[in-house]
Amino acid sequence: MAMAVTLARRRAAALLSPSSKQLYSGAWILSRGFATGSDENDVVIIGGGPGGYVAAIKAAQLGLKTTCIEKRGTLGGTCLNVGCIPSKALLHSSHMYHEAKNSFAHHGIKVSSVEVDVPAMLAQKDKAVGNLTKGIEGLFKKNKVNYVKGYGKFLSPSEVSVDTIDGGNTTVKGKHIIIATGSDVKSLPGITIDEERIVSSTGALSLKEVPKRLIVIGAGYIGLEMGSVWGRLGSEVIVVEFAGDIVPSMDGEVRKQFQRSLEKQKMKFMLKTKVVSVDTTGSGVKLTLEPAAGGEQTTLEADVVLVSAGRTPFTAGLQLEKIGVETDKMGRILVNERFASNVLGVYAIGDVIPGPMLAHKAEEDGVACVEYIAGKEGHVDYDLVPGVVYTHPEVASVGKTEEQVKTLGVEYRVGKFPLLANSRAKAIDDAEGLVKIIAEKESDKILGVHIMAPNAGELIHEAALALAYGASSEDIARTCHAHPTMSEALKEAAMATFDKPIHI
């Protein structure tokens with residue numbers, strides 16, 4: 001707690017109160033005060049995704065009159081409607097099928113036959129999404145957030161014109177307007193996504209049947225997760241990646257073990273490979289490929305192609321140019337430490353600004369942004385945003401990779417512990433993976449933690465908290481962990497980092 005207070009005080013000393021002035025690109029600008037008119041909001045948020053709806057609720061909790069504008073007509077953004085949540089529903093359903101078909105017998109459970117019912121699986125996914133979106137609307141009502149369904153665009157820095165989904169139009173006024181419109185699928189030259197044979201992650205969530213062969217373009221988080229879903233259900237999955245590695249941001253050692261795990265699950269990889277063209281004139285899809293460095297072309301056919309080459313900030317139609325909001329060459333909105341753009345009273349959070357394009361990062365942005373607007377202190381440490389790949393096993397990380405530490409020239413130690421030596425993992429016959437901890441050699445301060453394990457996405461948060469408070473590997477090693485749990489693997493890896501593990 002003392003550390004958090006010190007950090008807040010340090011940030012407060014470095015930044016002026018929003019009730020006086022703000023600094024942007026070296027220029028001082030006067031800050032706006034709260035609204036006084038009955039038809040004017042203190043805060044208007046364009047976008048009802050993880051960043052936008054969380055910002056709206058927090059703003060209302062802080063006593064600010066708040067309106068949230070969302071074009072989709074359902075709250076939760078890409079994450080809840082066609083991203084994080086439905087993909088995790090399908091990942092879980094497909095994992096259950098895979099376990100029933102391949103693992104139940106090892107545990108003494110006999111089933112006569114196991115079949116995939118794709119419509120039922122999709123219906124379960126849709127039910128989860130529907131319940132959660134309704135839940136956010138309930139939170140809006142509880143916190144007295146005004147909700148406008150429609151497409152918003154700037155008329156001025158304090159006015160947003162909304163083309164409502166029922167065909168009307170209204171103008172929403174606000175002293176502080178937050179852009180939280182998220183991101184969209186990044187397209188590739190010469191490839192047209194029709195969401196039937198050539199699909200984005202959105203279309204991959206709603207395939208009506210299991211494709212015999214699925215080609216995934218892009219070996220990032222989303223591509224590997226959706227490839228896992230349909231691979232478990234019976235598709236032959238081939239991943240085509242321009243780079244030489246899968247998930248380039250991942251720690252190199254963990255990445256190699258992760259790829260081997262996916263290959264054991266029959267996922268195939270074509271790395272350092274470029275997609276030259278796509279032909280949909282036949283009954284399937286034909287891809288023309290060539291080595292990334294150039295060379296002889298080959299062809300590859302599939303029933304469905306998933307384009308998963310990343311995402312791009314979504315600001316289309318906002319009329320940012322009309323009010324003079326500055327963006328970088330990637331289309332991201334430039335903001336200062338308080339999420340303020342160069343235009344007085346206009347802010348941006350989440351995927352439309354630099355930083356990880358992750359739902360939980362957007363949520364943290366949203367809370368911090370409205371805290372600044374309310375005259376409080378906000379804080380987001382982008383070096384401590386966890387990343388998770390929700391395959392099986394999961395891969396999760398926080399902090400720096402070994403490659404990043406080497407680049408910094410810091411002397412370090414590495415501690416590792418395999419799940420094969422963890423009693424809980426062995427007991428449930430799910431022991432593929434490891435925990436890897438990187439710590440500064442002299443101080444033993446933890447610099448990064450990388451976990452490949454079942455439920456790694458849950459285990460990583462002990463590491464995130466340790467990094468946030470500047471803990472050493474010895475701090476984790478000397479903390480009592482319940483037995484038998486997979487979290488003991490983190491304790492043992494910490495013991496291996498500063499001294500020696502017990503169980504290997």
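Across the protein, pLDDT averages 92, and 92% of the residues reach a score of at least 70. The model is a predicted one, and one stretch calls for some care: residues 1-38 have a pLDDT that stays under 50. For this segment the model has 68 contacts beyond four places in sequence. Where pLDDT is low, predicted coordinates should not be read in detail.

Helix α2 spans residues 50-61 and helix α5 spans residues 118-143; the two pack at an angle of about 20°, their axes lying 9 Å apart. Because angles under 35 degrees count as roughly parallel, α2 is roughly parallel to α5. The crossing of this pair is left-handed. On the α2 side, the contact is formed by Tyr 53, Ala 56, Ile 57, Ala 60 and Gln 61, which meet Ile 136, Leu 139, Phe 140 and Asn 143 of α5. Sorted by class, the residues of this contact comprise seven nonpolar and two polar, with no charged residue among them.

The second pair joins helix α4 (residues 84-102) and helix α7 (residues 221-232), whose axes cross at roughly 35° and come within 8 Å. Here, too, the helices pass in a left-handed crossing. Helix α4 brings Ser 87, Lys 88, Leu 90, Leu 91, Ser 94, His 95, Tyr 97 and His 98 to the contact, while α7 supplies Glu 225, Met 226, Ser 228, Val 229 and Arg 232. The contact of α4 with α7 has five nonpolar, five polar and three charged residues.

Notes. Residues numbered from 1 in each chain as written. Predicted model: local features only at pLDDT ≥ 70, side-chain atom pairs only at ≥ 80, totals over all residues. Heavy atoms only, no water. Axes fitted to C-alpha atoms, helices over the stretch in contact; angles between N-to-C directions. Helix = DSSP H or I, 4+ residues; strand = E, 2+ residues; numbered from the N terminus. Parallel < 35°, antiparallel > 145°, perpendicular 65-115°, else oblique. Left-handed = near helix turned anticlockwise from the far one by under 90°. Contact = heavy atoms within 4.5 Å. Nonpolar A, V, L, I, M, F, W, Y, C, P; charged D, E, K, R; others polar. pLDDT = per-residue confidence, 0-100.
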